[in-house]
Amino acid sequence: MAMQMTRKNSLNIKLSVVLALLFSTVVLLEAAPGDVLVESRFTRDMDGWFSVTDKKLDSEIQLDLDRGSQRVKGGETGDVSWYYSAPEKFLGDQQKLYHGILKYTLGHFIFDTTQGSPSPTIPDVILESKSKRLKLGALYVFEPGTSAKEYQIPLSASAFQSSCKSGSNAETCAGDGESCYKDADCCSRQCVGGRARWFNLKQSRPATNAELIKVLSDVTSLQIRGGYYPGGMEKTWLRGPMVIEGSPFNRSDAGGSEGGGEGE
């Protein structure tokens, strides 16, 4: 009897150890803020990226690899809004990317402003799910006149950037125009979202978190705009497109309530 009890206790201990190891493995595998969830480095090839355009052209926009600078590049002449289109690993069921941050650097070799500035109503990034009949666009992201800039686009429905409205700053709070996450960050207690955010392109309104989750459940296209200026020669490059795990602020504040409100 004593030997049976000893064996039973030994089995219980081993089972407890196995369960503890499994639990610790799950905890370790959970992504921390800043962890890369999916990326293209362009160290060997273009990693499956290709170009798409908003209109039919006589010839496709050719993308080339700049392996030394780890970037892809392309260009055209005329009024064409074209995009760098992501490969398979960015597509399909990507619900794990919800509340993550799409991060990339876009630069210009050359651009011509004689025909005007880029249209802010053309999406900077497009997320589409054909099976869900849903097409979302990130608007008001691009900063004209810059030779290169790293962009960070949260995959949630709140405004991409917020700032304090009115009030002077202090040691414990931010003042007019300074960045914020919530009202309590501002001396005026008014943290106001900017206009850059995801939009439902078909209905011309801000997207909801429910729509972000829906499109991420079956992504058929992720596109990053490469053509901006309406006239003349334009050549751009794309480096380091990736999605990283969001910060605690993005994971909590940007989620909002699925029932309504600004978070939607």
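Is Arg205 buried, partly exposed or exposed? The answer comes in point 8, after the overall picture.

1. **Ground rules.** This is a predicted model, in which local features need pLDDT of at least 70, side-chain atom pairs count only at pLDDT 80 or more, and totals for chains, interfaces and linings use all residues. Residues are numbered from 1 along each chain as its sequence is written, and side-chain values use heavy atoms, with hydrogens and water left out.

2. **Overall make-up.** The protein has three helices and 15 strands. Both are DSSP runs, numbered from the N terminus: helices are H or I with at least four residues, strands are E with at least two. The protein has 264 residues, and 40% of them are buried. Buried means under 20% relative accessible area, exposed means over 50%, and partly exposed lies in between (1.4 Å probe, protein chains only).

3. **Surface and contacts.** The accessible surface is about 14,700 Å². Carbon and sulfur atoms account for 52% of that surface. Areas come from the Shrake-Rupley method with a 1.4 Å probe; for residues, only the protein chains shown count as cover. Now take contacts between residues at least 6 apart in sequence: 73% of them join residues at least 24 apart. A contact means heavy atoms within 4.5 Å.

4. Seven strands form an open sheet in the order 2-5-14-7-8-12-13, with antiparallel pairing.

5. **Strand 5 up close.** Strand 5 (residues 82-85) pairs with strand 14 (residues 221-225) in the antiparallel sense, over three bridges. Two strands pair if DSSP finds at least two bridges between them. Tyr83 stands opposite Arg225 in strand 14. Ser85 is also worth a look, and is found in strand 5. Its relative accessibility is 4%, so Ser85 counts as buried. Leaving aside residues up to four places away in sequence, Ser85 touches Gly48, Trp49, Phe50, Val52, Ser221, Leu222 and Gln223.

6. **Disulfides: the pattern.** How many disulfides does a search of the whole structure find? It finds three. A disulfide is a pair of cysteine sulfur atoms within 2.5 Å. Number the bonded cysteines in sequence order, and the pairing reads 1-4, 2-5, 3-6.

7. **Disulfides: one by one.** Cys164 is joined to Cys186, S to S 2.1 Å. The torsion about this S-S bond is about -80°, so the disulfide of Cys164 and Cys186 is left-handed. Cys164 sits in strand 10 (residues 162-164), and Cys186 in the loop between strand 10 and strand 11 (191-193), 22 residues apart. Cys173 and Cys187 form another disulfide, with sulfur atoms 1.9 Å apart. Here the torsion is about 95°, so the Cys173 and Cys187 disulfide is right-handed. Cys173 is buried at 17% relative accessibility, while Cys187 is partly exposed at 26%. Cys180 is joined to Cys191, S to S 2.1 Å. With 100° about the S-S bond, the Cys180 and Cys191 link is right-handed. Cys180 lies in the loop between strand 10 and strand 11 and Cys191 in strand 11, so the pair ties together parts 11 residues apart in sequence. Cys180 and Cys191 are both buried.

8. **Salt bridges.** Side chains of opposite charge can pair when their charged atoms come close. The structure holds six salt bridges. The test is a side-chain nitrogen of Lys or Arg within 4 Å of a carboxyl oxygen of Asp or Glu. One of them joins Arg205 and Glu211 (2.6 Å, N to O). Back to the opening question: Arg205 is partly exposed, because its relative accessible area is 25%. Glu211 is buried, at 11%. Lys149 and Glu143 also meet in a salt bridge (3.6 Å, N to O). Lys149 is partly exposed at 28%, and Glu143 is partly exposed at 37%. Glu39 forms a salt bridge with Arg41, the closest N and O atoms being 3.1 Å apart. Arg41 counts as exposed, at 53% relative accessibility.
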